[in-house]
Amino acid sequence: MRVRLAPGRERHDVAAVLLDVVYVLQLEPELCLEYVSDPVEEFLGYSAAELLTDPRLWEHVLDPRDRDRMLVALNAEIGVTTHLTVRLIGKDQRVMWSQQTSRRIRREDGSVAVYGALNHITSRQVTEARAG
């Protein structure tokens, strides 16, 4: 699916007004976080600039208990949408829950990337754990 924007509009303008964290992670030919929306700072405590300039920072943000499941989601078939609940570690070392929806695509230049969104669901997870 392609989104057509009015002339002069940046591709990620829409993401700037969403509450979810929107990201683009290039997987091939090399791993590179290409874009992350500003709400990431409120969620994780890291600014978008910090995450974009330190390519290894995401390795520390993802809770090690969920790393294998995240790798499976990142390696889904091209065009498949995945849904995953994972724990993320904020800058202040708090563990937070996130529900992720992503899709792996092959772009026109041949590179492979994951386009995704993270929704902060920590309060919901805590409520469900107390009730369960």
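Student: In this predicted model, where is the place of tyrosine 35?

Tutor: Tyrosine 35 belongs to a strand. That strand covers residues 32-36. The element that holds tyrosine 35 is strand S2.

Student: Is tyrosine 35 buried or exposed?

Tutor: A residue counts as buried under 20% relative accessible area. Tyrosine 35 has a relative accessible area of 16%, so tyrosine 35 is buried.

Student: How far apart in space are tyrosine 35 and tyrosine 23, C-alpha to C-alpha?

Tutor: In sequence, tyrosine 35 and tyrosine 23 are 12 residues apart. In space, the C-alpha to C-alpha distance between them is 5.2 Å.

Student: Which element supplies the largest share of the lining of the second largest pocket?

Tutor: The second largest pocket has a volume of about 520 Å³ and is lined by 19 residues. S1, S2, H3 and H4 each supply at least two residues of this lining. The largest share is four residues, and it comes from H4.

Student: How many residues of the lining of the second largest pocket are nonpolar?

Tutor: Among the residues that lie nearest the centre of this pocket are Leu25, Trp58 and Glu59. Of the lining residues, two are polar and three are charged. The number of nonpolar residues in the lining is 14.

Student: Is the peptide bond from glutamate 28 to proline 29 cis or trans?

Tutor: Proline 29 sits in the loop between S1 and S2. Most peptide bonds are trans. For the bond from glutamate 28 to proline 29, omega is near 10°, and the bond is cis.

Student: What is the phi of glutamine 93?

Tutor: Glutamine 93 is in the loop between S3 and S4. Most residues other than glycine have a negative phi. Glutamine 93 is not a glycine, yet its phi is positive, at about 75°.

Student: Is glutamine 93 buried or exposed?

Tutor: A residue counts as exposed over 50% relative accessible area. Glutamine 93 has 58%, so glutamine 93 is exposed.

Student: Does serine 111 count as buried or exposed?

Tutor: Serine 111 lies in the loop between S4 and S5. Leaving out residues up to four places away in sequence, serine 111 touches Gln26, Glu28, Pro29, Ile105 and Arg106. The relative accessibility of serine 111 is 5%, so serine 111 counts as buried.

Student: Which side chain does a polar contact join to that of serine 111?

Tutor: The contact is one of 2.6 Å. The limit for a polar contact is 3.5 Å. The side chain joined to that of serine 111 belongs to aspartate 109.

How values were computed:
Residues numbered from 1 in each chain as written. Predicted model: local features only at pLDDT ≥ 70, side-chain atom pairs only at ≥ 80, totals over all residues. Heavy atoms only, no water. 1 Å grid on protein atoms, 1.4 Å probe; cavity = no way out; pocket = protein on both sides within 12 Å on 5 of 7 lines; lining within 4 Å. Points joined across faces, edges and corners; volume = space filled by probe spheres on them. Nonpolar A, V, L, I, M, F, W, Y, C, P; charged D, E, K, R; others polar. Buried < 20%, exposed > 50% of the residue type's maximum accessible area, 1.4 Å probe, protein only. Polar contact = N/O pair within 3.5 Å; in protein donor to acceptor, adjacent residues only side chain to side chain. Contact = heavy atoms within 4.5 Å.
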